[in-house]
Amino acid sequence: MNEINYYQEFEKQIKNADAEIESTGRKPTLLLQACCCPCSSHCLEVLTSHFDVTVFFYNPNIDEVEEFQKRLDELYRFTKEADFALDVKVVEGPYEPEVFYAMAKGREDLPERGERCYDCYELRLRKTAEYAREHGFDYFSTTLSISPYKVARWINEIGMKLESDMRESASDIDGIPSFLFSDFKKKNGYKRSIELSEEYGLYRQDYCGCVYSRRDRDMKKNSV
């Protein structure tokens, strides 16, 4: 079976969005789950020409409320300073680390990019899909695929399944948001996010946000 080229699928969806803009004068609405501002920067640079974007900051994996707030504050600042993001809205999801710890229970010692991470992607994308459906968005997606430390295939598989599950359980599929495919690291996307971070002086954390990632980071630092 041929593997899906998610970036090519993304480009097809962009063309469809542009066709809708041309025919109706309206940008399709997109709910974009964001893990942090640096990862959001290039994603927003790409997406805002094609979609009416709302950033959904839902990250129960973040280990400390101070870290959660620092990342959120940077998102607010960036959307007030970057010309291409001035029309972007930010929605604060609840900070509920207990949900993440319940999901991770028994798998605390697994390495990054393992099944705990897969379920963390699913946890955040599921909340995003639910919010998108409840609030009438046309699309939902996430910034996670821009990171070289995240598995883009998993992210897209999860998004497709969530969309499929919503369609199967709905009596009226007209209100079901489509998953926007992504592999934002393509075409030097991650490199561009670093450049934008430097341009706007963004806080760039050196771990994904969870206590296990921070533990692994500290272990590497101490072994040097």
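**Entry 1: a loop**

I began with N188, which is exposed at a relative accessible area of 55%; here exposed means over 50%, buried under 20% and partly exposed in between, using a 1.4 Å probe and protein chains only. N188 sits in the loop between strand 5 and helix 7. Its phi is near 60°, a positive value in a residue other than glycine. K187 belongs to that loop between strand 5 and helix 7 (189-200) as well. I read a positive phi of about 55° for K187, which is not a glycine either. K187 counts as exposed because its relative accessibility is 64%. I noted these angles because most residues other than glycine have a negative phi.

**Entry 2: ground rules**

I am working with a predicted model, where local features need pLDDT of at least 70 and side-chain atom pairs count only at pLDDT 80 or more, while totals for chains, interfaces and linings use all residues. Residues are numbered from 1 along each chain as its sequence is written, and side-chain values use heavy atoms, with hydrogens and water left out.

**Entry 3: the whole chain**

I found 8 helices and 5 strands in the chain. Both are DSSP runs numbered from the N terminus: helices are H or I with at least four residues, strands are E with at least two. Read from the N terminus, the order is α-β-α-β-α-β-α-α-β-α-β-α-α.

How does the radius of gyration fit a compact globule of 224 residues? The chain has 17 Å, which agrees with the value near 17 Å for such a globule; the radius is taken over C-alpha atoms, and the rule is 2.2 Å times the number of residues to the power 0.38. The C-alpha trace spans about 60 × 40 × 35 Å along its principal axes.

Buried residues make up 50% of the 224. Of the contacts with a separation of 6 or more, 72% join residues 24 or more positions apart; a contact means heavy atoms within 4.5 Å.

In what order do the strands of the open sheet run? I read 3-2-1-4-5, with parallel pairing of the 5 strands. Strand 3 (89-92) and strand 5 (178-179) are at the edges with a single partner strand each, so one side of each has no neighbour in the sheet. Two strands pair if DSSP finds at least two bridges between them.

Strand 1 (residues 29-33) and strand 4 (residues 139-142) are parallel partners over 4 bridges. I found L31 bridged to F140 in strand 4, and Q33 opposite T142. On to the next pair: strand 4 joins strand 5 in the parallel sense over 2 bridges, with F140 opposite F179.

In a regular strand the side chains alternate between the two faces of the sheet. Are the faces of strand 4 covered or open? Both are covered: Y139 and S141 on one side and F140 and T142 on the other are all buried.

**Entry 4: F10**

My last stop was F10, in helix 1 (residues 6-24). F10 counts as buried because its relative accessibility is 4%. What does F10 contact, leaving aside neighbours within four places in sequence? I listed V46, L47, L180, F181 and F184. The C-alpha atoms of F10 and D183 are separated by 8.1 Å, though the two residues are 173 residues apart along the chain.
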